[in-house]
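Look at the sequence and the 3D structure below. A short report follows.

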Amino acid sequence: RFLYKDLIDLREAGWKARREEETAKTLDEIKKDFEREERAAAQQVQQMNRGYRGGGGGGGRDNRNDRDRGGNMNRGDHRGGRRNDRDDGDYRGNSNRGFGGTPRQRKEREVKVDKDGFVEVAATKGSGGGGGSRFGGPGPKILSRSDGGKRDNKSNKSSSSRSTPVAPPPPVPVAAAAVAEPLSEDKLKQKAKTLRTEYMEDPSEEDVLLTFDECKGTPRAGHVIVQVSVDAALECKDKERAAIISVISILFRKGKLTSDDIGLPFADIIEFIDSFVVDSPRAMEYLGDMAAEFFHIKALDVAWLCGQAKKLEEFSGHLIPDVIENCAKSLVKAYSVDEAKTLFGAANSALIGLLGAEKWNEIAGKTGLN
């Protein structure tokens, strides 16, 4: 059973072994390998040292800012109050002085409107907003336009000449869509199991699509998921098999899977069906159930089935009629006789070429396709 899977993997890899064959080495070869490892380790140490010397030096400014904001909380309570009184004069300062700070601070914050309609604000000592000296010098006066002052045309002209146009804000760059990192084959296999498990708990097409989208960016994700799923469908319970078939059908109908994603793994099942029958006596019936759904959604067709079944002629030719008959029975059971007649009738010449007219007529009579 597992030997055929190894053979399939070897064929997909271009007949190249996954692991390099180990042979006995001479002393010179062992010495060269050791020197190569030593050089690689030395280069890694040098890269780590360069990265260490290049870092650091980023924490001093934050510590200084922390000290400016108050430093130690135990001693910064009263200092922070005095500084807030000096800078802001609001409720964050000394609460004993009232909501607006000291009377002197409130007086200094009183505004005056000049003849041109600008508000004259005297900056307090040490205030950063007024541009005053940090060491106690008086700051310059700040002028801003008063909303309620009346101005004549002359004042409007003079104020407009002093105003500078405001440049529009730069366009916000649109972030590029995040590209999912490729998943390993083991994670893809786990994703296939997650798909059918979640669907059994809650048969939601939306959840199936969202889970599959997590595989974006992984090459051949659909192929691997289908391969793992159809292998499991030959050995699992009926409920899980039905979930597997439904998940594959949803993904194909929604454009997430291609015909090749389904056809290539399913072709391996047909080619090695004799091995599956040994482990699972009803494997032929389960193959028919999957084929019926794939025919129904137009992922595969009966002519394709005949081409794959022909590969059994060399070693397991006696199983070819069973493959065709089980696929026809499952299609009639899952959908209708009319649909089965339509799909199998379109491949009538291929069926006769594979089975012969007499054998095909016999199977058609058993399954009601006459």
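## A buried alanine

Leaving aside its neighbours within four places in sequence, which residues is Ala340 in contact with? Contact here means heavy atoms within 4.5 Å. By that rule, Ala340 touches Leu331, Val332, Gly345 and Leu369.

Ala340 is found in helix H17, residues 337-345. Helices (DSSP runs of H or I, at least four residues) and strands (runs of E, at least two) are numbered from the N terminus. With a relative accessible area of 0%, Ala340 is buried; the term means under 20% relative accessible area, with exposed being over 50% and partly exposed in between, for a 1.4 Å probe and protein chains only. Lys329 lies 11 residues from Ala340 along the chain, and the C-alpha atoms of the two are separated by 8.7 Å.

## About the model

This is a predicted model, in which local features need pLDDT of at least 70 and side-chain atom pairs count only at pLDDT 80 or more, while totals for chains, interfaces and linings use all residues. Residues are numbered from 1 along each chain as its sequence is written, and side-chain values use heavy atoms, with hydrogens and water left out.

## The whole protein

The protein has 19 helices and 3 strands. Of its 370 residues, 33% count as buried. Among contacts with a separation of 6 or more, 62% are between residues 24 or more positions apart. The accessible surface comes to about 24,800 Å², and carbon and sulfur atoms hold 52% of that; such areas come from the Shrake-Rupley method with a 1.4 Å probe, and for residues only the protein chains shown count as cover.

Two packed helices are described by the angle between their axes and the distance between the axes. Axes are lines fitted to C-alpha atoms, for helices over the stretch in contact, and angles run from 0 to 180 degrees between N-to-C directions.

The axes of H11 (residues 259-271) and H13 (residues 283-296) come within 12 Å and cross at roughly 155 degrees. That makes H11 roughly antiparallel to H13, a label for angles over 145 degrees. The contact is made by Ile262, Phe266, Ile269 and Ile270 of H11 with Leu287, Met290, Ala291 and Phe294 of H13. By class, this contact of H11 with H13 has 8 nonpolar, no polar and no charged residues.

## Helices H9 and H11

The axes of H9 (residues 221-233) and H11 come within 8 Å and cross at roughly 35 degrees. On the H9 side, the contact includes Val226 and Val230; on the H11 side, it includes Ile262 and Ile269.

Notes. Angles under 35 degrees count as roughly parallel, over 145 as roughly antiparallel, 65 to 115 as roughly perpendicular and the rest as oblique. Ala, Val, Leu, Ile, Met, Phe, Trp, Tyr, Cys and Pro count as nonpolar, Asp, Glu, Lys and Arg as charged, and the others, Gly among them, as polar.
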